[in-house]
There are 2 protein chains.
Amino acid sequence: MSTTTELTAAQYAHGSAPSRGRGLPAAPSRTLLAPLSVTASRLADDGFWGLRARINADATLGHCLAWQERAGWLGNFDRAAAGTLPAGRAGREFSDSEAYKLLEAYCWEQATHPSDELEAVIVALIDRVGAAQEADGYLNTNFGRDGQQPRYSDLEWGHELYNYGHLLQAAVARLRTHGPDRLLEIATGVADHVVRTFGADGIQSVCGHAEIEVGLLEFGRVTGNSAYRDQAELFLQRRGHGVLSDIEWGRSYFQDDIPIREAEVFRGHAVRALYLAAAAVDLAVETGDADLLATLERQWERTVATRTYITGGMGSHHQDEAFGEDFVLPSDRAYCESCAGIASIMVSWRLLLATGNVRYADLIERTLFNILATAPSADGRSFFYSNTLHRRTPGETPEEREQSKRADSSQRAPWFDVSCCPNNIARTFASLGAYVATVSVEGAQLHQYAAGAIEVELPERGVVGLAVATRYPDDGVIAVTVTATPDEQWSLDLRVPAWAAHARVQVNDEAPTVVEPGYARVSRRFAVGDTVLLTLPLDVRVVGADARIDAIQNSVAFEVGPVVYCLESVDLPAGSHVDDFVLDTDARVDAVDGALHVTGWLERVPASPWPYAAAAATPERTPTQTRLVPYHSWAERGPGTMRVWVRR
Amino acid sequence: MSTTTELTAAQYAHGSAPSRGRGLPAAPSRTLLAPLSVTASRLADDGFWGLRARINADATLGHCLAWQERAGWLGNFDRAAAGTLPAGRAGREFSDSEAYKLLEAYCWEQATHPSDELEAVIVALIDRVGAAQEADGYLNTNFGRDGQQPRYSDLEWGHELYNYGHLLQAAVARLRTHGPDRLLEIATGVADHVVRTFGADGIQSVCGHAEIEVGLLEFGRVTGNSAYRDQAELFLQRRGHGVLSDIEWGRSYFQDDIPIREAEVFRGHAVRALYLAAAAVDLAVETGDADLLATLERQWERTVATRTYITGGMGSHHQDEAFGEDFVLPSDRAYCESCAGIASIMVSWRLLLATGNVRYADLIERTLFNILATAPSADGRSFFYSNTLHRRTPGETPEEREQSKRADSSQRAPWFDVSCCPNNIARTFASLGAYVATVSVEGAQLHQYAAGAIEVELPERGVVGLAVATRYPDDGVIAVTVTATPDEQWSLDLRVPAWAAHARVQVNDEAPTVVEPGYARVSRRFAVGDTVLLTLPLDVRVVGADARIDAIQNSVAFEVGPVVYCLESVDLPAGSHVDDFVLDTDARVDAVDGALHVTGWLERVPASPWPYAAAAATPERTPTQTRLVPYHSWAERGPGTMRVWVRR
């Protein structure tokens, strides 16, 4: 990426979106790359991602709404309005936030596929939430009433500010896709209340779960009120000085062990750590704090090098849903919360906008295809909370009518007692188009390859339109057709992933050029109808792991393009366990219809009273052939066992 | 073991101990092997175990007493007596039990090394505890008062019955080492209260933490009151039918998922599972229930084959302090709670008495040398709660004046907010002599090799005295001298551990005989002064792991006799991490002064932005020599990193 000029807020205002970032989940005031709105970058309904966005709209949104109703979490707001709480309050201390995340999802969906039905849901949700707000702006169904704990009496676990953060993000979505309405009033009331209560002279603490910071920063951007940014900065400055109580797992759980500027790596509860990092990037960008930005880049770098699963998943502790120490990445106890994957995308996206470094887009792609695509079922009505890389026991199919435990089965569940992930997935799919491309003073950048169309005004130059046709990741050919162009030279940057050796770019019928990983740039005076063809090599890649990741030393993983594969027991002879399969590394691997056909043996180790011995017992080996399937498609064929890292 | 005749209670009464099992932690009414009292089997002060028992007496007991006082846990009883609770109550819901475990420890110590000082501590503790007892027998400092939760309102987590279990075990110790006193009255009051409250017509539930069962069974044995056994049986029958609430980690945490007769393996919270199993063996023995006993033997068998660390440690989850699924045995996230090791010894000991199967004594030995000997520091004043097999970060030395977190550092800590382990260690060391030998109708059996002396009356034959001299495990020679014998033939059985190939037994100056693992029997008309010399081969054993234990596939462990070794970073060049060391498996290993000298390389892997690749980066290798030390001696030289499983 050779672009070095930053877009200023003023230049940004020349784009097709208004200066406050119309249609954008995150709209930095100044970055190298400017994001596109959810309406400027649209997914085709039949592409890998467009299909999933439609399932999200058609199934997941309504599913989440129905479950929140049924679980009583929405009813909490009605009870608050009626003054009958705490009687009948349902759900955990963070259940209010689920309504906000879902509201945010509906707002994005309404922007890209408007309908009276969606609008009615949005307005009804806003009304119910608003009715629960108190006169001073405070809004929470779990604290502050007779029979409840006092407001802000449990900052470690109470999630009051966390909930606000999601409310503010919902308000941002509504404002940027619809305009000012009741939700802006509610959110302003909340944000002003937070500034009054936690400002420089207020409570000198932070929320146990970061999220208010990223919410305040974006709400500050959209409203232009710098008090919200300042409040977020205060929260970011306070954390890390032991302002929260110590707990069994240490203050690192809350990222309250070390100030964010002094930390070397993401640590503690993964979602907390990543929401906090996203906010810190926003703050660095808004204040032009290059040191803070560089610190966050270094934290990201070490986290990706030592604390990230091959799927892009983050978090290896079940106990505290936390990052493990460096190289503690066991497959079978992988946690890889879906929300951590989403939070990781949020961080990488903000770093990409700020720096233009391709590595952030690479990690986003890995996380999209192997966490975000994996978490929901094909029908969009059940979800993984945790995305393990090795399932040793089949477990049972969760009951359709019950709230499941978080990390309990090999099967996706319709709902959880802690159901952050389904609603987070919903808002992410509903705004997914916005993560595909960016624009800079030099032209447009394609970061993710999704069939669809982009139309955006290049600052001071005019409208660029691009149609993207591709069957990616099933096929490596991405065809970009220019559908609108200013009558002057501009640059189209195409991301070539780090795994893509010998990728080729061909413009119209010119000779193709081999391009290196990074951004391949095509600069010219484009004409409508010009095509740029990027061909990414989809060879099967067999990879091993750094020797310090003990848990997977005897295994290999398979990747094709951005997709990680896995072995499921349903593809082995009946009664076999995935742990029985040993790969013949010399045998050929054939990719057929989206599966990888591999050869090896089924091993039966003789029963032994003690599993440690000088010489391993000779196993009984039966030659066998089986197939590996994309990890994102696993667990759709009934309970079974699964391994991403296959024994060799 | 060819002994097939069970000792009956009547025969047992002919022994030197009274029929109620004088000096015994566990005195089954009828078993194949009868245990010896803590006074009949005495440890020499300078042997491996005798030395530790003295440190326990001289340092650990007082340390625990001082900490319980300082933490306010003993003061809770005074406050209860004064009627001032809940104001000022200190500690967790199970803190009462720590006083009981420590009281038990003092009772055993007073039996083997009586002093006025010990007696004064015991009497004072009994008085303070007794003063807190209510009129109906109820005794707990955390429930039932105004401002506290009602009695038995939180059976899942309240630990009321659990606490009683430890009180009953303390009462057993006092009764069997001293005789009836105030503690018997207190315990009888409690036990009768439990029978009234939880009997057939009482509360139809169980305690979330098993322990009352094993306490009631032993208290029933010592008092001869079958109502206590019946109550324990009721508790054992109820559990497994979902009588407790479901929780995030599942009812298996409480072993309330499946009735004990239907389970196939130990599961859930390790200490809970093992205390429950110990009680179930006691019940099976008391009721002659061969099916139940066989079920427990199968559960033990699978647990040892698939869920046990090489150290004998049990429990691989931090989250719920629980057993993992089969073969989930990561070194770096090993939990191996010290209490689980003690509980495992309790189970194996009961199964050994009931069946005479040598495998139980083998596992006890492994657990003694690698968990019980590891948990306390050399000075007996700090402890591991969790016994990991791989420490990746040095951590810091816990503060002398602070209660530490349970699994927080590479260094032992003086005390924990949850301090079950120090007191459990104290009672186990104080009664350790009792686990060394047994007696049967055919003679005496030596199961553990500790320097010391045994004097026991063979049923209907007379007194046998044995002096055991050995430097084991530093030396493989165990010399047993007959110091008293009846004037007729009897058998001396010497355990030959499973790892001991080509062990030899020599009687007096006769030719030595090679003996197989199991029990080596010497039957004859012994004379005073006869010596039996057992020589166990202490070759260095290099072992690998079953292929299904993914976490340690690229590594080997070292054992000498019963002792597992480990690599500590303090034995590597400064700045090196144990993960940098790669063993040269072809190089010679020399055992010198209790350490193993090994050869290999220090590897520096080039920094990489992503830890997964088709070809591993070529590391920079520096040849190096280092040493491995007994695992039980690790972490005595300041913070560092450690591995039991060394990379090869």
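Guide: A:Val598 stands opposite A:Thr626, a residue of β21(A). The model is a predicted one, in which local features need pLDDT of at least 70 and side-chain atom pairs count only at pLDDT 80 or more, while totals for chains, interfaces and linings use all residues. Residues are numbered from 1 along each chain as its sequence is written, chains are lettered from A and ligands numbered from 1 in the order in which they are written, and side-chain values use heavy atoms, with hydrogens and water left out.

Strand β19 (residues 595–604) of chain A runs antiparallel to β21(A), and nine bridges join them; strands pair if DSSP finds at least two bridges between them, and strands (E, at least two residues) and helices (H or I, at least four) are DSSP runs numbered from the N terminus. Strand β21 (residues 620–630) of chain A also pairs, again in the antiparallel sense, with strand β16 (residues 563–568) of chain A, over three bridges. In β21(A), A:Val629 has A:Cys566 opposite it.

Elsewhere in chain A, seven strands form an open sheet with antiparallel pairing, in the order β2-β6-β7-β8-β13-β10-β11. Its edges are β2 (41–43) and β11 (513–515) of chain A, each with a single partner strand, so one side of each is left without a neighbour in the sheet. Neighbouring strands of this sheet are turned against each other by 20° on average, direction ignored.

Turning to the helices of chain A, helix α4 (residues 95–112) and helix α6 (residues 160–177) pack at about 15° with their axes 8 Å apart, where axes are lines fitted to C-alpha atoms over the stretch in contact and angles run from 0 to 180 degrees between N-to-C directions. That makes α4(A) roughly parallel to α6(A), a label for angles under 35 degrees, with over 145 counting as roughly antiparallel, 65 to 115 as roughly perpendicular and the rest as oblique. The contact (heavy atoms within 4.5 Å) includes A:Tyr100, A:Cys107 and A:Trp108 of α4(A) and A:His166, A:Ala170 and A:Arg174 of α6(A). Its residues divide into nine nonpolar, five polar and four charged, with Ala, Val, Leu, Ile, Met, Phe, Trp, Tyr, Cys and Pro taken as nonpolar, Asp, Glu, Lys and Arg as charged, and the others, Gly among them, as polar.

Helix α4(A) also meets helix α2 (residues 48–70) of chain A, whose axis comes within 11 Å of that of α4(A) and crosses it at roughly 150°. That makes α2(A) roughly antiparallel to α4(A). Residues of α2(A) including A:Arg54, A:Leu61 and A:Cys64 meet residues of α4(A), among them A:Glu98, A:Leu102 and A:Tyr106, and by class this contact has eight nonpolar, three polar and three charged residues.

The same surface serves both copies, since 100% of the contact residues of chain A recur in chain B.
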